[in-house]
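Please read them with the sequence and the structure side by side.

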Amino acid sequence: MKKILILNGPNLNMLGKREPELYGHQTLKDIEKLCADTARRYQMKIDFRQSNHEGELVTWIQNMMGKVDGIIINAAAYTHTSLAIHDALKLHQIPIVEVHLTNPKERESFRHHSYIEPLAAICFAGLKSEGYVKALEFLHNFKKA
Ligand code: DHK
C-alpha cells in the first residue's frame, strides 16, 4: 500500500473563511476528507498535515525520509519564498506533486516563482480541491523508472 504525505502551508487552515471568491468555500477539513476518500478508493494511506511554520514543515519533510512513497505539497506562500522547504524536499527520491487551489501564475507577479516547481514531477494549479484528487491519482499511477 503506497503511503503519501500531504503537506499544507500557512493560512490554509483558514480555508472557508479566507477569500472564498479565490480559494472556494471548502475548509481544509473538507479537503482532508476528500483526500481520505480518494486514498481509500486507490488503497493508499495518507498522512495529511498543515502548519503555519516553515521550520515545522521542514522537520516533517526530513522525518519522512524513507517512510513515504510520495509527497503532495501545497506550500502556500512558502512556495514563493522557501529555499529551506526546497532543500528538505531535495532529500527525497520519491515523486513530489505541487498543488495549488488557485493558479499562482495567473495572479500577482510575486506569486509567479515557485521553489517547489524544479523538484515537482507535476503541478496541479487552479483546480481548487480537485487538484489534490488529481495529485493522488498521479501518485497512484506513478511507476518507478
Ligand atoms: C495558497 C496560498 O496561500 C498562496 O500564498 C499561494 C496557494 C497560492 C494556492 O492557490 O493554494 O500564492
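1. How far is an oxygen atom of the ligand from an N or O atom in the side chain of N74? The separation is 2.9 Å, which falls within the limit for a polar contact (a pair of N or O atoms within 3.5 Å; within protein, one must be able to donate a hydrogen and the other to accept it, and residues adjacent in sequence count only if both atoms are side-chain atoms). A polar backbone atom of L101 is 2.8 Å from an oxygen atom of the ligand, and a polar side-chain atom of T102 lies 2.6 Å from an oxygen atom of the ligand. On its own the ligand has 310 Å² of accessible area, of which the protein covers 99%; such areas come from the Shrake-Rupley method with a 1.4 Å probe, and for residues only the protein chains shown count as cover.

2. A word on the basis of these values: this is a predicted model, in which local features need pLDDT of at least 70 and side-chain atom pairs count only at pLDDT 80 or more, while totals for chains, interfaces and linings use all residues. Residues are numbered from 1 along each chain as its sequence is written, and side-chain values use heavy atoms, with hydrogens and water left out.

3. The shell around the ligand consists of R18, Y23, N74, A76, A77, H80, H100, L101, T102, R107 and R111, where a residue is counted if one of its heavy atoms lies within 4 Å of the ligand. By class, the shell divides into four nonpolar, four polar and three charged residues; here Ala, Val, Leu, Ile, Met, Phe, Trp, Tyr, Cys and Pro count as nonpolar, Asp, Glu, Lys and Arg as charged, and the others, Gly among them, as polar.

4. Within this shell, H100 deserves a separate look. H100 is found in strand β4, residues 96–100 (helices, H or I of at least four residues, and strands, E of at least two, are DSSP runs numbered from the N terminus). H100 counts as buried because its relative accessibility is 7%, given that buried means under 20% relative accessible area, exposed over 50% and partly exposed in between, with a 1.4 Å probe and protein chains only. The side chain of H100 makes polar contacts with the side chain of N74 at 3.5 Å and with the side chain of E98 at 2.8 Å.

5. A76, however, has a positive phi of about 50°; A76 lies in the loop between β3 (70–74) and α4 (83–89) and, at 12% relative accessibility, counts as buried. E19 likewise has a positive phi, of about 30°, and is placed in the loop between β1 (3–8) and α1 (20–23), but E19 is partly exposed, with a relative accessible area of 38%.

6. How many aromatic pairs does a search of the whole structure find? The search finds one, and the rings concerned are those of F138 and F142, whose centres are 5.9 Å apart and whose planes are at 50°, so the pair is tilted. Rings of Phe, Tyr and Trp (its six-membered ring) pair if their centres lie within 6.5 Å, with planes under 30 degrees apart counted as stacked, over 60 as edge-to-face and the rest as tilted. F138 is partly exposed at 22% relative accessibility, and F142 is partly exposed at 30%.

7. Finally, helix α2 (residues 28–41) holds D37, which is partly exposed, with a relative accessible area of 29%, and whose side chain is joined to that of R40 by a polar contact of 3.2 Å. D37 and V133 are 96 residues apart in sequence and 9.4 Å apart in space, C-alpha to C-alpha. K33 is also found in helix α2, and at 52% relative accessibility K33 counts as exposed.
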